[in-house]
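Biologist: I'd like to go through this model with you and ask how you know what you say about it. Could you bring it up?

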Amino acid sequence: MRGLLGPNGSGKSTTMKIIMGMLKPDSGNINVCGVDVRSKPVEARMHIGYVPETPFLYEYLSAAEYLDLVGVAYGLDGIERRNRTGELLKALQMDNHVNEVMSGFSQGMRQKIALISALMHKPEVLILDEPLNGLDPRSARIVKEILHRLADEGVSILFSTHVLEIADAICNKITIIADGSTIAEGTSKQIKAMSGLKDSSLEDVFLKLTGSEDTAKIVEALRL
């Protein structure tokens, strides 16, 4: 599982949208499971589960209707759709809300539906942009365990988060970007060593590498 870290506006979401074929790169090619994203974007997306930073849901539908629609789009038959959604809804404690219209859902409930829709077709690649937003501790723990299991099974996962402790805990590789360029890449231990802060937290390393070390001075100035 690879963590994608960077300051706001560094290019994390843009990178993910390019992989999804939602944006065109200025140069180069992207292949997902052997499929060229630029020439065959729909085919490439069939291999991917995607959770954007701000998921868009058809709010006038119930959770059951929406997930059934997603399952049809991925070519799942009726039995498979019901089995997969039932398992995931129960795991994330959403089975009691399955027939409710999503316009009344909280942020956390919407996030769970977005995660379920990304997982239901058993994708080979997962692209997750702040996937734990709004989740309660239990649900966040379940999602992290699911991601660990999928990674162990060979699913490629790109995970973007601003919570560096999460990235440090669950990602076996980390890429730090700034202004659209990669500035560090490797395991958490390797990145800490190359930055000269091997005994520090990933947060300290991130702040040093992205030029944000003067936070204390900023806070001090606000007291004046």
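Biologist: Let's start with R2. Where is the place of R2?

Modeller: R2 sits in strand β1. Keep in mind that this is a predicted model.

Biologist: What makes R2 partly exposed?

Modeller: Its relative accessible area is 29%. Buried means under 20% and exposed means over 50%, with partly exposed in between. R2, at 29%, therefore counts as partly exposed.

Biologist: And which residues does R2 touch, not counting those up to four places away in sequence?

Modeller: There are several, including I157, F159, C171, I174 and E185. Contact means heavy atoms within 4.5 Å.

Biologist: What about Y58, why is that one called partly exposed?

Modeller: Here the relative accessibility is 34%. That value falls between the 20% and 50% limits, so Y58 gets the label partly exposed. You'll find Y58 in the loop between β4 and α3, and together with F56, Y60 and L69 it makes a nonpolar surface patch of about 490 Å².

Biologist: Now the helices. Which residues of α3 are buried?

Modeller: They are A63, Y66, L67, V70 and G71.

Biologist: How do you know that they line one face of the helix?

Modeller: Look down the axis of α3: the buried residues fall within an arc of 135°, so they line one face. What they pack against is α4 and α5. After α3 comes G75, which has a positive phi, near 80°.

Biologist: What puts the buried residues of α9 on the same side?

Modeller: Those residues are L202, V205 and F206. Around the axis they cover an arc of only 100°, and so they end up on the same side of α9. They pack against β1, α7, β7 and α8. G211 follows α9, and its phi is positive too, near 70°.

Biologist: Which residues touch the most other members of the largest nonpolar core?

Modeller: I113, L126, I157 and F159 do, out of 50 residues in that core. Helix α5 gives the most to it, with seven residues. Apart from it lies another core, of 14 residues, among them M16, I48, Y50 and V125.

Biologist: What makes a set of residues a nonpolar core?

Modeller: The members have to be buried residues of nonpolar kinds such as Leu, Ile and Phe, joined through side-chain atoms within 4.5 Å. In soluble globular proteins, nonpolar side chains tend to be buried together.

Technical notes
Residues are numbered from 1 along each chain as its sequence is written. Side-chain values use heavy atoms; hydrogens and water are left out. Buried means under 20% relative accessible area, exposed over 50%, partly exposed in between (1.4 Å probe, protein chains only). Helices (H or I, at least four residues) and strands (E, at least two) are DSSP runs, numbered from the N terminus. The arc is that of the directions from the helix axis to the C-beta atoms. Patches are made of residues with over 30% relative accessible area and no salt bridge: like charges are joined within 9 Å, nonpolar side chains (Val, Leu, Ile, Met, Phe, Trp, Tyr) within 5 Å. Accessible areas come from the Shrake-Rupley method with a 1.4 Å probe; for residues, only the protein chains shown count as cover. A salt bridge is a side-chain nitrogen of Lys or Arg within 4 Å of a carboxyl oxygen of Asp or Glu.
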